[in-house]
Amino acid sequence: MEENKIRQIEEIEALSSIYEDSFELENDDSYTVKIEEEGNEVRLSIKLNPGYPADSPPTYTLSAPFFTTDQRREVYNLLDRVYLDNLGECLVFLWCEEIRTFLQNLDSSVEHDNDNSVELEDDQLERICDQFSSLNDVKVVECPNIFTGESFEDRKSVFQGHVAVVSSLEEVKAVLNKLYENKKIAHATHNMYAYRIYAEERKSWLQDCEDDGESAAGGRMLHLLEIVDAKNILVVVSRWYGGILLGPDRFKHINNAARQALEQSGLLSQEKSRKKKK
């Protein structure tokens, strides 16, 4: 057995022992660690690759719906720094504890802001002037074009996919905000999404997903993006519940809506899609 695989197995055994019920093993190369602090929960999902840990980091997905875009970017940067400081080493434990420290500091920073709320009011006019004077420095992100696929129905539930080409977290947020401006989409029972962005400057992937109440749906959509090797893509699936439970069929429809939008938009050729299904 090659050395990387041996070290991966040893790391999984150590993580399982350390995190116990907060560690979820999916298979030999995929697992999730749940990090909880002060009522906040972050799920770090790891996908191991043959080059880890000697030559490359594992692929990870960060699930933390309460994070702002800036907070999510800051965590990504922290994890990148941990990797660069520990090249060739097993680092998932370090990543988990870095996230834990971030959550602890996040909680204390909120308390600090609340403690100084009265003091800030005294400087309110000065702050407002500063904010207006710096408006020209604010980077305005133009919303990428959004393609919406055809909707389809099963037992009164309606499914519809939307896709966009994105290259940053700001563009992901811009697309989501634009979609939510549509009242019909905003009032959908679920708006699940997943994105996969390749950061050229760091030679690594930024990817995440959101279930929006439909348990595990976002993860399945992200898995779809991975198996079709999608790059710089955000896919959103809206579901309007019709009052009849669909059971496992709902996950098939969610993935079909996502795949259909990718194909109809031309971002994924039907030939490539069929090849990946085999």
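**Close-up views of a predicted model**

The structure, a predicted model, holds eight aromatic pairs.

**View A. The aromatic pair of Tyr 60 and Tyr 76.** A pair of aromatic rings is described by the distance of the centres and the angle of the planes. Through ring pairs, Tyr 60 and Tyr 76 are joined with Trp 95 in a cluster.

**View B. Charged side chains over tryptophan rings.** The charged end of Lys 184 is placed over the ring of Trp 240, at 5.1 Å from the ring centre. Arg 196 lies over the face of Trp 205, with a distance of 3.8 Å to the ring centre.

View C. Ser 265 is part of helix H9 (residues 249-265). Its relative accessibility is 23%, so Ser 265 counts as partly exposed, the buried class being limited to values under 20%. When residues up to four places away in sequence are not counted, Ser 265 touches Phe 147 and Val 163. Gly 149 is 116 residues from Ser 265 in sequence, yet their C-alpha atoms are 7.5 Å apart in space. A polar atom of the Ser 265 side chain lies 3.3 Å from the backbone nitrogen of Leu 267.

Definitions and conventions. Residues numbered from 1 in each chain as written. Predicted model: local features only at pLDDT ≥ 70, side-chain atom pairs only at ≥ 80, totals over all residues. Heavy atoms only, no water. Phe/Tyr/Trp six-rings, centres within 6.5 Å; stacked < 30°, edge-to-face > 60°. Lys NZ or Arg CZ within 6 Å of the ring centre and 35° of its normal. Helix = DSSP H or I, 4+ residues; strand = E, 2+ residues; numbered from the N terminus. Buried < 20%, exposed > 50% of the residue type's maximum accessible area, 1.4 Å probe, protein only. Contact = heavy atoms within 4.5 Å. Polar contact = N/O pair within 3.5 Å; in protein donor to acceptor, adjacent residues only side chain to side chain.
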